[in-house]
Amino acid sequence: AWTDFERATIKDIFSKIDYECNLFKCSCFLRCLIVYPWTQRYFAGFGNLYNAAAITSNPKVAAHGKVVMQGLEKAVKNMDNIKATFTELSTLHSEKLQVDPDNFMLLGDCLAIVVAAQLGKDFTPEVHAAFQKFLAVVVSSLRRQYY
Ligand code: HEM
């Protein structure tokens with residue numbers, strides 16, 4: 001269950017971040033690929049991630065960054081029903097993509113860093129806690145169809 005503060009905070013964060021912006025889309029997802037290089041194994045064919053241009057203009061990274069953000073936006077719109085909302089997505093990551101579920105929170109942590117940087121001093125300890133709780137629910141929902 002969510003408190004009013006948590007609900008308002010999550011909606012507020014997602015309304016503030018400009019996730020259509022290439023820099024944002026790339027920076028979360030690209031950070032994950034670079035800081036946790038084993039995550040690259042699921043994205044063969046993404047090209048060179050290690051040049052200055054990749055941070056803003058690798059189109060494949062940006063496209064997938066956007067897909068992930070759209071998934072999260074769905075969770076924000078269905079905050080009381082995230083598990084059910086992500087049933088299919090969980091099955092896809094498990095059975096078809098065979099993504100190791102430990103990777104979900106790694107991406108979540110990258111997202112938290114970028115969100116914190118965007119919010120600046122509005123990213124208070126209480127906001128951080130609400131955001132982490134949201135990520136934890138998202139990740140446990142994505143893990144749900146694994147066995
Ligand atoms: C595809 C969401 C984490 C690997 C997708 C799709 C969504 C999504 C919405 C598109 C599904 C479709 O086409 O119907 C998310 C969310 C994540 C997450 C919300 C966590 C916050 C990860 C992680 C990895 C991963 C950590 C691997 C390290 C993939 C791959 C695809 C995919 C390989 C298919 C890409 C393609 O070829 O189109 N994800 N994902 N995902 N995801 Fe995730």
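Trainee: What classes of residue make up the shell around the ligand?
Mentor: This is a predicted model. In it, the shell around the ligand has 12 nonpolar, five polar and no charged residues.

Trainee: Which residues are the closest to the ligand?
Mentor: Thr39, Tyr42, Gly71, Asn103 and Leu107. In total, 17 residues surround the ligand.

Trainee: And which helices each supply at least two residues of that shell?
Mentor: Helix 4 (59-77), helix 6, helix 7 (103-119) and helix 8.

Trainee: Switching to the largest nonpolar core. Which residues touch the most other members?
Mentor: Phe29, Cys32, Phe131, Phe134 and Val138. The core holds 22 residues.

Trainee: Where does the largest share come from?
Mentor: Helix 8, with six residues.

Trainee: Back to Cys32. What is cysteine 32 in contact with, leaving aside neighbours within four places in sequence?
Mentor: Thr39, Leu106, Leu107 and Cys110. Thr39 and Leu107 are also among the closest residues to the ligand.

Trainee: New topic, helix 6 and helix 8. How do their axes cross?
Mentor: At roughly 60°. The axes of helix 6 (residues 87-96) and helix 8 (residues 125-143) come within 7 Å. The two helices are therefore oblique to each other.

Trainee: Which residues make the contact?
Mentor: Helix 6 uses Leu89, Ser90 and His93. Helix 8 uses Ser141, Leu142 and Arg143.

Trainee: And by class? What does that contact have?
Mentor: Two nonpolar, three polar and one charged residues. The ligand shell, by comparison, has no charged residues.

Conventions. Residues numbered from 1 in each chain as written. Predicted model: local features only at pLDDT ≥ 70, side-chain atom pairs only at ≥ 80, totals over all residues. Axes fitted to C-alpha atoms, helices over the stretch in contact; angles between N-to-C directions. Helix = DSSP H or I, 4+ residues; strand = E, 2+ residues; numbered from the N terminus. Parallel < 35°, antiparallel > 145°, perpendicular 65-115°, else oblique. Contact = placed C-beta atoms within 7 Å. Nonpolar A, V, L, I, M, F, W, Y, C, P; charged D, E, K, R; others polar. Near = placed C-beta within 6 Å. Core = buried A, V, L, I, M, F, W, Y, C linked by C-beta atoms within 7 Å. Buried ≥ 20, exposed ≤ 12 C-beta atoms within 10 Å, placed from the backbone.
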